[in-house]
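Keep the structure in view as you read.

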Amino acid sequence: MKYPEIDEYYADPSPENRDKLMDILEQEHFKISDLGVTSRVFSNWKIKNIIPKVDERQWVRLNLFEYFWIQIIKDLRALGLPLKLIAQVKDQLFFRLTLREVYFDEKGDFRDDVLRQSAGIISEQEYEQFKSDMINNRDDENVSSFLNASIPLFYGIVISVLLDHADIKLTINQDGEIDFIKEDHKMINEVNKAIKTGPLVILSLKRYVYMLMSEPTQVSTAQQLGLLNEVELEVVTAMRQNKLKELVITFDPKGDHQDLTYTWEKSINQEDMENVLNQFLGKKHVSLAMKSNDGKTVQYEYQNRKRIKN
């Protein structure tokens, strides 16, 4: 099966493409060794109930959602959080919500704002049809079956980070209770809360996407997932090796984005790397031009997916 790249998916957010995209997100691309976790440690995490899926295979492979969770575990352990508290976090993140609970409040009123957050995942026509079906046909057998299906809370959060490019922060208080910050201006409120209530962990989930797109052991998987194409991978490799002197990102003149130019005299810092990766996530640009330290210039036209000048 050929899976659409993210930009193809945005160009045609059809049910067929969406199903294909979800299929690939759930495929088990990652070996635990690729994530810097030994089999002994992983087995201990299973015993301590912080791995949501039981897998008795000798070589364990994980999907993208589990990749995110493993990265979170590693960060929480690095911060000194005990496994017992991490197990509490896992239970909350992987709690399964029915779609009925997601789209209707306790009074039975439809949550239009929740559906609106899916604007990048479904087309406008699908949005209107979906809303009508949910409100008018909720007791229909097929619609009711759909609404009674359940997904882990964490899956929806990861999809929002990937497809909507949301910079969602996961927060954990001293009692192991989780919350999410979806807007930067709310960060100061969370810091004030931390001062009053005690230790508070704040993790940026988008950072794990950047890791996937830039770490040498993971970039091939990022390509398979459609997060990077060969053109963008060459740019990322040059940046990681500090061989890039200039990068020009050109957008469609009919759009709202302004062209970007990055230049470096010495090493490339993490902030610049993440800014460029964020542009690659959006898939709004139509061409790239890069100049390396040795004076070589390479230009790409994004629509053709090929090198056109060297």
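A salt bridge is a side-chain nitrogen of Lys or Arg within 4 Å of a carboxyl oxygen of Asp or Glu. Side chains of opposite charge can pair when their charged atoms come close. The model you see here is a predicted one, and it holds three salt bridges.

| Salt bridge | N to O distance |
|---|---|
| Asp 75 with Arg 207 | 2.4 Å |
| Lys 90 with Asp 91 | 2.9 Å |
| Lys 169 with Asp 167 | 2.9 Å |

## Partners in each pair

Start with the salt bridge between Asp 75 and Arg 207. Which parts of the chain does this pair tie together? Asp 75 belongs to helix H4 (residues 64-78) and Arg 207 to helix H12, so the bridge links parts that are 132 residues apart in sequence. Asp 75 has a relative accessibility of 19%; buried means under 20%, so this residue counts as buried.

Now turn to Lys 90 and Asp 91, which form another of the salt bridges. Is Lys 90 buried or exposed? Lys 90 is buried, with a relative accessible area of 7%. Asp 91, on the other hand, is partly exposed at 42%.

That leaves the bridge between the side chains of Lys 169 and Asp 167. Lys 169 counts as buried at 11% relative accessibility, while Asp 167 is partly exposed at 29%.

## Helix H14 and what covers it

Next, find helix H14, which spans residues 230-240. Several of its residues are buried, among them Val 231, Leu 233, Val 235, Val 236 and Met 239. Glu 232 and Ala 238 are buried in this helix too.

What covers these buried residues? The cover includes three helices: H12 (206-214), H13 (219-224) and H15 (270-282). It also includes strands E8 (244-251), E10 (285-292) and E11 (297-301).

Just after H14, look for Asn 242, which takes a positive phi of about 55°.

## A residue in helix H13

Helix H13, part of the cover over H14, contains Thr 221. This threonine is buried, with a relative accessible area of 6%. Which residues does Thr 221 touch, leaving aside its neighbours within four places in sequence? Thr 221 is in contact with His 29, Phe 30 and Leu 212.

Note on methods:
Residues numbered from 1 in each chain as written. Predicted model: local features only at pLDDT ≥ 70, side-chain atom pairs only at ≥ 80, totals over all residues. Heavy atoms only, no water. Buried < 20%, exposed > 50% of the residue type's maximum accessible area, 1.4 Å probe, protein only. Helix = DSSP H or I, 4+ residues; strand = E, 2+ residues; numbered from the N terminus. Contact = heavy atoms within 4.5 Å.
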